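Here is a short briefing for a first look at a protein model. Keep the structure open and find each residue as you read.

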Amino acid sequence: MTICYRAGQASAIAHAAKLLKDGATVVFPTETVYGVGANGLDDAAVQKIFAAKGRPADNPLILHIASLDWLDRLVATVPPLAERLIATFWPGPLTLVLKKSAIVPDAVTAGLDTVALRMPSHPVARAIIAAADLPIAAPSANLSGKPSPTKAAHVVADMMGRVDLIVEDGDVEHGLESTVLDLSVDPPMLLRPGAVTYEQLLAVCGEVVLDATLMTSQSAAKPRAPGMKYRHYAPAADVFVVDLAHSEAEIDALIQSFRAKGNKVRYIAAPAKQLAHQLFALFRSADLEGYDVVLVRAVTTDKIGLAVMNRLLKAAEYRVI
Ligand code: TXA
Ligand code: MG
């Protein structure tokens with residue numbers, strides 16, 4: 001059975017923290033997307049996350065911390081660049097991949113010698129993690145294969161009956177998962193774009209390389225973040241990216257040609273920032289409303305546009321028309 005709380009309810013934080021200490025699973029909001037958490041030092045608790053999501057075991061988890069005290073215990077060394085990034089972007093939507101320490105279980109890292117760490121800024125996430133006083137392993141709280149949850153209704157739909165407790169807190173702030181930057185390689189490599197942008201990272205790091213698979217199909221290269229190889233952002237409908245170069249008239253003709261073949265078509269054009277907030281919710285509603293085809297107009301790949309296009313191209317299986 002799953003217990004459900006509103007974030008403001010008096011005992012929500014304390015109850016969530018107690019369950020986490022006891023090895024249970026708890027869904028909580030973060031500023032990026034909702035996460036499903038468990039004690040990141042407890043192998044059996046971590047296994048419950050994989051079971052709740054139906055997640056492949058070769059996909060490592062992010063450890064979430066509320067205090068820098070945990071940093072030294074979880075990683076082998078903290079390079080000076082990590083210190084600068086942490087000072088600039090934590091708490092917030094930036095995950096850093098560093099060489100792990102011995103206390104991090106293999107279940108968290110999927111056997112890698114690195115660990116992904118992030119300090120969320122969402123007050124509810126921070127309060128729960130601080131009260132548990134543990135590093136909390138937490139992937140996005142969707143069933144594996146579904147878009148990450150950005151609204152309370154999404155986690156209820158996906159996780160009710162599969163976790164021990166859900167703390168709801170309405171819509172999340174960003175709507176796309178955190179930026180993942182690998183600091184175990186030199187120069188640092190951007191494994192997943194997010195709300196902390198490439199431009200912002202460049203300003204601190206001087207040099208950042210993009211994982212070759214961020215914006216192109218993965219037939220040629222293997223992504224370095226194991227999770228990025230899964231097609232996990234796609235709705236049941238066929239998604240196509242509509243090239244920015246098309247005129248309004250050309251787009252109208254395109255929509256009509258899909259409709260003429262009997263498809264229920266949804267067309268979405270919005271600024272990058274708005275798409276970041278709404279893309280995953282739009283995919284879920286496209287499924288609920290039975291669309292056959294979802295056309296989304298491309299955005300430029302600067303700032304948050306890089307993260308939007310990364311998720312969008314994956315969902316579209318790189319089909320740009
Ligand atoms: O915003 C977020 O990061 C959300 C919230 C809940 O914090 N969490 C999230 O977790 O998106 P998840 O598990 O859905 O995505 C984690 C990504 C995956 O692509 C995974 O492969 C990658 O981070 N990752 C984790 N550990 C890694 C490691 N040691 N090396 C490379 N990639 C890693
Ligand atoms: Mg995920």
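Predicted model: local features only at pLDDT ≥ 70, side-chain atom pairs only at ≥ 80, totals over all residues.

Loops and a pocket follow.

**Helix H9**
- Helix H9 runs over residues 248-260.
- Its 13 residues should span 18 Å at 1.5 Å a residue, and the end C-alpha atoms are 18 Å apart, so the two values agree.
- Which residues of H9 are buried? They are Ile-251, Leu-254, Ile-255 and Phe-258.
- Seen down the axis of H9, these buried residues fall within an arc of 95°, so they line one face of the helix.
- An α-helix has 3.6 residues a turn, so residues three or four places apart point the same way.
- Ala-249 and Ala-260 are exposed, on the face of H9 turned away from the buried side.
- The cover over the buried residues of H9 includes strand E12 (238-242), strand E13 (265-268) and strand E14 (293-297).
- Ser-257 also belongs to helix H9. Its relative accessibility is 32%, so Ser-257 counts as partly exposed.
- The C-alpha atoms of Ser-257 and Ala-269 are separated by 18 Å, and the two residues are twelve apart along the chain.
- After H9 comes Gly-262, with a positive phi near 85°.

**Helix H2**
- Helix H2 covers residues 43-53.
- Its buried residues are Ala-45, Val-46, Ile-49, Phe-50, Ala-52 and Lys-53.
- What covers them includes strand E3 (35-39), helix H5 (106-109), strand E7 (136-137) and helix H7 (152-159).

**Helix H7**
- In H7, the buried residues are Ala-152, His-154, Val-155, Asp-158 and Met-159.
- Viewed down the axis of H7, they fall within an arc of 160°, so they line one face of the helix.
- The face of H7 turned away from that buried side carries two exposed residues, Ala-153 and Ala-157.
- H2 is among the elements that cover the buried residues of H7. Strand E2 (26-28), strand E8 (165-168) and H10 are also included.
- Gly-161 follows H7, and its phi is positive, near 85°.

**The loop between E9 and E10**
- Where is Pro-188? Pro-188 sits in the loop between strand E9 (179-182) and strand E10 (189-192).
- Is Pro-188 buried or exposed? Its relative accessible area is 4%, so Pro-188 is buried.
- Leaving aside neighbours within four places in sequence, Pro-188 is in contact with Leu-81, Leu-181, Asp-182, Leu-183, Cys-205, Glu-207, Val-208 and Val-209.
- Pro-188 and Ala-131 are 57 residues apart along the chain, and their C-alpha atoms are separated by 33 Å.
- Pro-187 lies in the loop between E9 and E10 too.
- The peptide bond from Asp-186 to Pro-187 is cis, with omega near 0°.

**Another cis bond**
- Trp-90 and Pro-91 are joined by a cis peptide bond, with omega about -10°.
- Pro-91 is in the loop between helix H4 (80-89) and strand E5 (94-99).

**Positive phi outside glycine**
- Lys-303 is a residue other than glycine, yet its phi is positive, near 45°.
- Lys-303 is placed in the loop between E14 and helix H11 (304-315).
- The relative accessible area of Lys-303 is 55%, so Lys-303 is exposed.
- Glu-317 is also not a glycine, and its phi is positive, near 50°.
- Glu-317 is found in the segment after H11.
- At 41% relative accessibility, Glu-317 counts as partly exposed.

**The second largest pocket**
- How much space lies in the second largest pocket? The value is about 190 Å³.
- The lining of this pocket includes Glu-173, His-174, Leu-176, Glu-177, Gly-194 and Ala-195.
- Thr-197, Lys-273, Ala-276, His-277 and Ile-304 are also among the lining residues.
- Helix H10 (residues 272-288) gives the largest share of the lining, three residues.
- By type, the lining residues divide into four nonpolar, four polar and three charged.

Key. Residues numbered from 1 in each chain as written. Chains lettered and ligands numbered in written order. Heavy atoms only, no water. Helix = DSSP H or I, 4+ residues; strand = E, 2+ residues; numbered from the N terminus. Expected span 1.5 Å × (residues − 1). Buried < 20%, exposed > 50% of the residue type's maximum accessible area, 1.4 Å probe, protein only. Arc of directions from axis to C-beta. Contact = heavy atoms within 4.5 Å. 1 Å grid on protein atoms, 1.4 Å probe; cavity = no way out; pocket = protein on both sides within 12 Å on 5 of 7 lines; lining within 4 Å. Points joined across faces, edges and corners; volume = space filled by probe spheres on them. Nonpolar A, V, L, I, M, F, W, Y, C, P; charged D, E, K, R; others polar.
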